[in-house]
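Visitor: I would like to go through this model by question and answer. Can you keep it brisk?

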Amino acid sequence: MKQTIREAVVREVAKVLVSREKETELLLATFFAEGHALLEGVPGVSKTMLAKSFARALGLEFRRVQFTPDMLPLDIVGGLVFNMKSKELEFRKGPVFTNVLLADEINRAPPKVQSALLESMQEGQVTVEGQTERLPVPHMMLATQNPAEFRGVYPLPEGQLDRFMVKITLGYLPHQTELDIVRRNISEVDTDSVKVAVTRSELQAAMVGARSVTVSDELIDYVARLAEATRSDPRVALGASPRAMIQLARCARANAYIWGRSYVIPDDVKELVPYVFSHRLRMSQASLLTGEHIDSAKLVEEIVGKVAPPR
Amino acid sequence: MILNVLAYVAAASGVAVLVRSPSGFRERTFRELAEVLRGRFPELPEGFTLREGLARAREAAPMLDWGEIYRALDGYEAYRYGGLPEPDSPQPALAGLVAALGGSRS
């Protein structure tokens, strides 16, 4: 049954996307862990298509917002409007009030818009003029962003990056796979072919089930040692936070669930570390001067290779 | 090299005893197996998991009963990380694996 949800969602997404099974599984684990995902990649690598087809396969209410430089916070979270009939101010809900919000090219919006999303991402609610409104449950944000070196983008603040449970980088695929993509897409892709893969009640049961997965003390210790290794590395200015540790443990728990286990194993943690830690690390500028600078993803890879899991 | 040989012999001897004595055998067997894997495949990083080590061993010894070995691993993980009861049946496939990796068969 648990296996069926993973297989069914992956199968549906694969109807419109080639070779994105791993990314779909990561999104599913993030969803069951009640987290948000950041999809990064150059234009044209199916970030938006992945988000859309994933939401569709889950059968959840879905909204897409294209982020732009002239955007205001109320364009996303909503705001107070004057009701001419009742002569009162009323809260008009913004597009964030949905199950799955696709924040397309999130880093094209200015920092104040990005900051407006912090409360919704962390607490599942929005507060405007002292009025707090709960978001629907489940609520997941799938944000896409272009790499920072692209023109017209604002880097996401650390506080917001830390609220994304995972960052999934979508790169170019092998030659033969790209040939398949062109062949399959040479005529228009029919996104309607993605069917709802799981009923609402199955989804709710699965969300409860994912929370009941056991994470042993040994594995919590492993998570802590991995985080500590990022903090003690001289090439890192800002290491993995306690929130990062919690999110890693939660994501590992959900990953175990979608693979049909009621307990987390070391491989669940190890596999997810790059996706959960890499975007949270801020590398030391001093290491640039000494020639020791490496990219955060490579550093995480190095740390994962050095820290011994329980065996 | 000498240390590796000693590790293999020690591991194989341990497995031989454990196969005859079911109580707690699996946990000790897998701990020993991790050491044997480390010695046999020095390219494995310090952070390797048992599953990664076994995947490497499978490439080196594909003729073993890998279905049985992975079933034993599943049971061990369920016991160690899931708090489920430790299976009490001996696993000759594990002894065979250790032997194939350089130890002596029980």
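Guide: Questions and answers on this predicted model follow.

Visitor: What ipTM does the predictor give the complex?

Guide: This is a predicted model, and the predictor supplies scores for the complex. The pTM is 0.87. The ipTM is 0.82.

Visitor: How far apart do the C-alpha centres of domain 1 and domain 2 of chain A lie?

Guide: Chain A is divided in two. Domain 1 covers 2-185 + 197-201, and domain 2 covers 212-306. Their C-alpha centres lie 23 Å apart.

Visitor: Which element gives the most to the side of domain 1 of chain A that touches domain 2 of chain A?

Guide: On this side, 21 residues of domain 1 of chain A are in contact with 19 residues of domain 2 of chain A. The elements giving two or more residues to the domain 1 side are α1 (2-13), α2 (21-32), α7 (158-161) and β9 (166-169) of chain A. With six residues, the top contributor is α2(A).

Visitor: How many residues on that side of domain 1 of chain A are nonpolar?

Guide: The side of domain 1 of chain A that touches domain 2 of chain A has three polar residues and six charged ones. The nonpolar residues there number twelve.

Visitor: Which strands stand at the edges of the open sheet in chain A?

Guide: The sheet has five strands with parallel pairing, in the order β2-β5-β8-β1-β9 (chain A). An edge strand here has a single partner, so one side of it is left without a neighbour in the sheet. Neighbouring strands are turned by 20° against each other on average, direction ignored. The edge strands are β2 (62-66) and β9 of chain A.

Visitor: What is the bridge partner of A:R63 in β5(A)?

Guide: β2(A) and β5 (residues 100-104) of chain A run parallel. Five bridges join the two strands. The partner of A:R63 is A:L101.

Visitor: Is A:C251 buried or exposed?

Guide: A:C251 lies in helix α11 (residues 242-258) of chain A. Beyond residues up to four places away in sequence, A:C251 touches several others, including A:T30, A:M165 and A:L272. The cut-off for burial is 20 or more other C-beta atoms within 10 Å. A:C251 has 27 of them, so A:C251 is buried.

Visitor: What distance separates the C-alpha atoms of A:C251 and A:E90?

Guide: These two residues are 161 residues apart along the chain. Their C-alpha atoms are separated by 38 Å.

Visitor: Which helices of chain A each supply at least two residues of the side that touches chain B?

Guide: At this interface, 17 residues of chain A are in contact with 13 residues of chain B. The chain A side has nine nonpolar, four polar and four charged residues. The helices are α12 (266-277) and α14 (296-306) of chain A.

Visitor: How many helices does chain B have?

Guide: Chain B has zero strands. Along the sequence, the pattern is α-α-α-α-α. Of the 106 residues in chain B, 36% are buried. The helix count is five.

Visitor: In which helix of chain B is confidence lowest?

Guide: The mean pLDDT of chain B is 78, and 70% of its residues reach 70 or more. Confidence is highest in helix α3 (residues 50-60) of chain B, at 95. Residues 14-22 of chain B have pLDDT below 50. At a mean of 48, the lowest is helix α1 (residues 2-20) of chain B.

How values were computed:
Residues numbered from 1 in each chain as written. Chains lettered and ligands numbered in written order. Predicted model: local features only at pLDDT ≥ 70, side-chain atom pairs only at ≥ 80, totals over all residues. Domains from an automatic or database assignment. Contact = placed C-beta atoms within 7 Å. Helix = DSSP H or I, 4+ residues; strand = E, 2+ residues; numbered from the N terminus. Nonpolar A, V, L, I, M, F, W, Y, C, P; charged D, E, K, R; others polar. Buried ≥ 20, exposed ≤ 12 C-beta atoms within 10 Å, placed from the backbone. pLDDT = per-residue confidence, 0-100. Pairing = 2+ DSSP bridges. Axes fitted to C-alpha atoms, helices over the stretch in contact; angles between N-to-C directions.
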